[in-house]
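User: I'm new to this one and would like a quick tour. Could you put it up and walk me through it?

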Amino acid sequence: MNDILPGEVATWQELEAAARRVFRSYGFSEIRVPVVEKTDLFCRSIGETTDIVEKEMYTFTDKGGTSLTLRPEGTAPVMRAFIEHKLHAQDPVAKLYYMGPMFRYERPQKGRYRQFHQIGAEVIGLDDPRCDAQVLAMLDHYFAEVGIPDVQLQINSLGCPECRPAYRQALVAFLETRLDHLCDDCRRRWQQNPLRVLDCKVPGCKEATAGAPSVLDHLCGGCADHFAAVQGYLTDLGTVFAINPRMVRGLDYYTKTTFEMVTGNLGAQNAVAAGGRYDGLIRDLGGPPLPGIGFAMGVERLVLLKGSPQAVPRLDCFLATLGSEAARHAFLLMHQLQRAGLQVDTDLEGKSLKAQMRRAGKLGARFAVILGGDELAAGRAQLRNMDAGSQEEVPLDALRTRLQELLAGGEA
Ligand code: HAM
């Protein structure tokens with residue numbers, strides 16, 4: 001679990017602001033849900049035999065004896081809220097986004113943490129392939145907007161309850177012939193959750209399943225048409241993608257379209273964003289039979305790819321003073337300038353003028369006001385442009401306007 005220090009926060013804020021901006025263009029509204037939910041919600045949605053539910057949840061019993069879990073992802077809580085507040089009664093189509101911390105007890109490494117952050121978006125109530133294409137185009141738009149290079153959008157279809165059983169059967173039969181080459185986890189799970197075996201990172205398993213049957217050869221007519229239409233719309237929109245028939249995703253609620261935004265620049269972790277359609281989830285959680293599709297991006301991974309210049313925001317102006325009268329006046333002036341929206345600081349420690357100017361430099365002040373007893377008596381102050389090293393004298397009552405003019409890019 002990481003602390004996000006002031007020098008890194010600017011990048012986080014930029015990524016969050018870009019999400020709000022881009023998602024708004026597509027008609028999304030923000031939803032905020034708690035970080036804890038009843039454990040059962042995640043078992044029922046993500047799936048009992050997934051890594052997340054089997055090994056990675058932070059689960060505890062509260063003082064009332066209820067089993068609670070720190071949310072490992074955002075989709076299930078958002079669906080729970082959608083159902084609980086009957087949002088479908090207001091509008092059966094909902095476009096929601098969220099951002100915040102998620103928790104998984106994973107083995108930490110570069111890009112993989114136990115508390116991490118997601119920015120996610122979900123569309124409820126639309127099963128048209130244009131909706132899939134639009135969600136993917138929005139994801140693509142976001143990556144372009146924040147300037148993250150070298151990512152590839154991979155898509156797949158996992159079929160539906162009609163066609164998945166036949167594929168599952170074909171895969172189980174195939175895996176049976178490879179059991180000797182699979183790792184312990186895969187041998188344990190091959191019958192319960194055979195699709196997960198295709199996602200195993202153990203090299204032996206990868207090799208043993210190289211010739212596994214493809215899900216795309218087993219789609220029913222409806223799913224095949226849907227997948228073809230999604231690809232057609234993506235092409236129309238100019239969203240570049242690749243088909244990855246081995247992408248299975250680590251959560252059980254997916255149907256039809258699934259996707260990942262992948263990169264080779266994150267070591268062992270290659271997904272920066274991932275998601276898919278979940279047409280049965282809302283009904284399975286006790287809600288109306290509405291389809292859904294969405295994604296979540298890992299913010300730490302976005303930050304790693306974007307790079308986080310240790311940029312401390314610059315101060316507009318530092319007020320340096322000589323003598324107690326000037327310090328008293330500067331204290332008031334600082335307050336007035338702050339109320340006018342400027343970033344201003346002054347010395348509250350009684351330091352020498354030289355030390356105060358050093359501090360102005362350290363805080364990255366663009367301007368310094370130098371105020372001594374004589375200047376105060378004359379109603380004037382020295383205004384120093386810290387970058388240019390130039391200085392001018394300004395009447396105290398014109399100081400705010402002059403500073404605002406200079407900061408707005410007027411003549412320096
Ligand atoms: P997920 O693939 O489990 O999907 O996670 C989505 C993204 O969260 C990953 O691609 C990755 O960038 C980030 N992530 C996951 N685990 C970690 C971790 N331990 N440390 C750092 N980053 C991590 C979901 O969570 C689904 N709820 C996505 C979704 C939304 N599907 C439909 N709607």
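Analyst: Let's begin with a term: a residue is buried when its relative accessible area is under 20%, exposed when over 50%, and partly exposed in between, using a 1.4 Å probe and protein chains only. Residues are numbered from 1 along each chain as its sequence is written, and side-chain values use heavy atoms, with hydrogens and water left out. This is a predicted model, so local features need pLDDT of at least 70 and side-chain atom pairs count only at pLDDT 80 or more, while totals for chains, interfaces and linings use all residues.

User: Is glycine 294 buried or exposed?

Analyst: Glycine 294 belongs to strand β11; helices (H or I, at least four residues) and strands (E, at least two) are DSSP runs, numbered from the N terminus. Its relative accessibility is 4%, so glycine 294 counts as buried.

User: Which residues does glycine 294 touch, not counting those up to four places away in sequence?

Analyst: Contact here means heavy atoms within 4.5 Å. With residues up to four places away set aside, glycine 294 touches Ala121, Glu122, Phe259, Gly275, Gly276 and Tyr278.

User: Why is helix α4 described as largely enclosed?

Analyst: Helix α4 covers residues 75–84. Its buried residues pack against β2, α2, α5, β5, β6 and α12. Among those buried residues are Pro77, Met79 and Phe82.

User: What phi does lysine 86 take?

Analyst: Look just after α4 for lysine 86. Its phi is positive, at about 45°.

User: Which residues point each way from β12?

Analyst: Strand β12 spans residues 317–321, and five of its five residues are buried. Cys317, Leu319 and Thr321 point one way, and the other way point Phe318 and Ala320.

User: What handedness does the crossover from β12 to β13 have?

Analyst: A crossover is right-handed if, with the strands pointing away from the viewer, the path from the first strand over the helix to the second runs clockwise. Here the chain goes from β12 through helix α14 (residues 324–339) to β13, and this β-α-β crossover is right-handed.

User: Which strand gives the largest share of the shell around the ligand?

Analyst: A residue is near a molecule if one of its heavy atoms lies within 4 Å of it, and 27 residues surround the ligand. β6, β10 and β11 each supply at least two residues of that shell. The largest share, six residues, comes from β10.

User: How much of the ligand does the protein bury?

Analyst: A polar contact is a pair of N or O atoms within 3.5 Å. Nitrogen atoms of the ligand are 2.6 Å from a side-chain N or O atom of glutamate 106 and 2.8 Å from one of glutamate 122. Accessible areas come from the Shrake-Rupley method with a 1.4 Å probe. Taken alone the ligand exposes 660 Å², and the share of that buried by the protein is 96%.

Methods:
Polar contact = N/O pair within 3.5 Å; in protein donor to acceptor, adjacent residues only side chain to side chain.
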